[in-house]
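My entries follow in the order in which I looked things up.

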Protein chains: 2
Amino acid sequence: MSGVNIKMLAEALQLAPSTVSRALNDSHEISEKTKKRVLAMADKMNYQPNPFARSLREHRSKTIAMIIPDLVNNFFSQVIEGVEEITQQFGYHLLVYHTHENVEREKEIVTHLLNGRVDGIMMSVSHQTKETEHLMRVYQKGIPLIFFDRICDSIPTTKFVTNGYESGYEATQHLIEQGCKRIAFLLLSKEISISQQRLRGYTDALKDNGLEKNEDLILMCGKDDHYNHQLIKEFLNGEHRPDGVLAAVEKLAITTYYVAGELKLNMPDDLRLVSFSNMKIADLLNPSLTTISQPTHEFGRQAASLLMNKLTKRNTPDFKDEIVVLPSKLDIRKSSK
Amino acid sequence: MSGVNIKMLAEALQLAPSTVSRALNDSHEISEKTKKRVLAMADKMNYQPNPFARSLREHRSKTIAMIIPDLVNNFFSQVIEGVEEITQQFGYHLLVYHTHENVEREKEIVTHLLNGRVDGIMMSVSHQTKETEHLMRVYQKGIPLIFFDRICDSIPTTKFVTNGYESGYEATQHLIEQGCKRIAFLLLSKEISISQQRLRGYTDALKDNGLEKNEDLILMCGKDDHYNHQLIKEFLNGEHRPDGVLAAVEKLAITTYYVAGELKLNMPDDLRLVSFSNMKIADLLNPSLTTISQPTHEFGRQAASLLMNKLTKRNTPDFKDEIVVLPSKLDIRKSSK
DNA sequence: ATTGAATACGAAATCGATTCCGTGATTAAA
DNA sequence: TTTAATCACGGAATCGATTTCGTATTCAAT
């Protein structure tokens, strides 16, 4: 049934379990000769240490958790790739949990991880998570915690974000330079926290270019695609329709494509579009989509590296309460040119 | 540092640890009154059972592993979503490992999972994994193992695949009906195992329609995008260029779009294209892409359900050595119409 | 020759939850 | 009223690896 354990190994070698354990862990207390014998026998008997016995004793699991809202948006898939690249190098295991933007689900997951199952947590909070008590408990328990993208400000730890403000500003500036006079901003009401900086960049760019800020041009969309479609359609069909659109999230840009098609609006002539997005085939859309893309793999790699460093090196100081900014990149394509 | 354990709980309640354990597990040997007291105190002291102690004792981890080649292809992201949906319902944890199409990496991962860390494994093998000894070891160890999409025939267990043959046939038939005479098939050399059925569907459809099979129309592409680009460009630029293309994987369809653009080939007039793909925005490509999409979430849900059933219900028979087929769906769009 | 320190290993406790085996008390059956 | 069964719980072993104490030997130093 189960495999060989250290006791069986010890018996086969006519040694005590303690000696075998030390030999396997390359302790200086064991002679080279014995070490070789043990290693050889362990190999021969195909010995695999029991991870739970070890974790129980050592109070660490060599496992970290990644808690994310969703995967369908390929942003997080790409981040995971980056994370996994690092954790594998360190021999750590990666548990993945989805909150599906549900705060209650997030609480459950986080609470379940309070029992030591993981040595560290990387997470992106579910939209406007107001309550932070469950996160504070993780922090106070001393479990290394890192936020990325959707961060929680009130927890004093390191957070990785992208430069939403600058990107929003840059994208808006670009649209203005292309001659847009009425630039709209599309965002998901659920994503306020992350979209807010993008929105500020947008409004500041307008202001700096002497364009009036117009609340009517800021369109709050919801979760339902069909509803958004109607909303955007009315918006783009109105008398005072915008000549430029900056979408805070990819899915709203997609909907804009559909609506533009229905309304026979020609992009970029009738409407210029820029979107925050990590789509790989922006080039292939009709017209190709100007995007602001985040350094997803870098997100994963840097956050995971910081965590791995903390977990594997002795006397590492606690994470600084700071926000690390990884710049996004504006790729201008035909939808805005 | 660490949390409260069952012994501390017992002390606070003036009970034996064994009694507390039984009360928490709702044993019939414990009176209702005591159970209530224990539950209340456990709640008050914020007791969280140690998962490693439990796993060590029970020889099960309530964790399963998902081993996949890659995530960038959103096929697997979507499957994971389906899996996670099920595992969460059962309170199971999900470990994710990527092989990056590297057989050696796959062996390492699989071998590491032989120690009981997971109760079950769901995997999609890295391309043409010829050696199956490492998989056989998992099977012989008695760890429930399920394959999906990229399966390993020689292991007698349940495998989930999609109907590549029928889809390949249907797509080819569709292209023929649209008037294509010279239909090409694009595949990745690394993906032979999975593309082979699609290829057979393609060739049979040609045969059944009285079209000659032409080896020159079957294009083996490689891993490098740039190389593929050149290859496809020469292919589509030749004198005997095809008037229809069936791409076995999405990335080759993407490259075809680029090449068609460069060569000023008009789709669908000069070239009709159909691709196996799970892209969500096929509608938005220029022209919109006709796809054969797999039921990804269903893949994840069904495979995970089968596994959960096996792990949580007593006396479940071993997985049958069978192949479950989940049909793909042809969505005809402008690239082929 | 005696003391001191390495050297190389063994015995047993430990991590925290579960469970086998008892055992005193209460209740039901004879 | 005696016997048997049931109830409700305690004690201790157990899962498998690590680690704290020991201890018997060897070797060098005084």
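Entry 1: surroundings of DNA strand C. The model is a predicted one. I found 27 residues around DNA strand C, the closest being Thr19(A), Glu29(A), Thr34(A), Ile6(B) and Arg57(B). I sorted the residues of this surface into eight nonpolar, twelve polar and seven charged. Helices α2 (17–24) and α4 (51–58) of chain A, and α2 (17–24) and α4 (51–58) of chain B, each supply at least two of its residues. The most comes from α4(B), with four residues.

Entry 2: sugar, phosphate and base. Of the atoms of DNA strand C within 4 Å of the protein, I noted that 60% belong to sugar or phosphate and the rest to bases. For Tyr47(B), a side-chain N or O atom is 2.9 Å from a phosphate oxygen. I also looked up Arg22(A), which places a polar side-chain atom 2.9 Å from a base oxygen of DNA strand C.

Entry 3: a sheet in chain A. I traced an open, mixed sheet of six strands in the order β7-β6-β8-β9-β10-β12. Strands β7 (218–221) and β12 (329–331) are at the edges with a single partner strand each, so one side of each has no neighbour in the sheet. The twist from one strand to the next averages 15°. Strands β6 (183–188) and β8 (244–247) of chain A pair in parallel over four bridges, and Phe185(A) stands opposite Leu246(A) in β8(A).

Entry 4: helices across the sheet. I recorded that α10 (225–237) of chain A lies across β6, β7 and β8, at about 165° to β7(A).

Technical notes:
Residues numbered from 1 in each chain as written. Chains lettered and ligands numbered in written order. Predicted model: local features only at pLDDT ≥ 70, side-chain atom pairs only at ≥ 80, totals over all residues. Heavy atoms only, no water. Near = heavy atom within 4 Å. Polar contact = N/O pair within 3.5 Å; in protein donor to acceptor, adjacent residues only side chain to side chain. Nonpolar A, V, L, I, M, F, W, Y, C, P; charged D, E, K, R; others polar. Pairing = 2+ DSSP bridges. Axes fitted to C-alpha atoms, helices over the stretch in contact; angles between N-to-C directions. Contact = heavy atoms within 4.5 Å.
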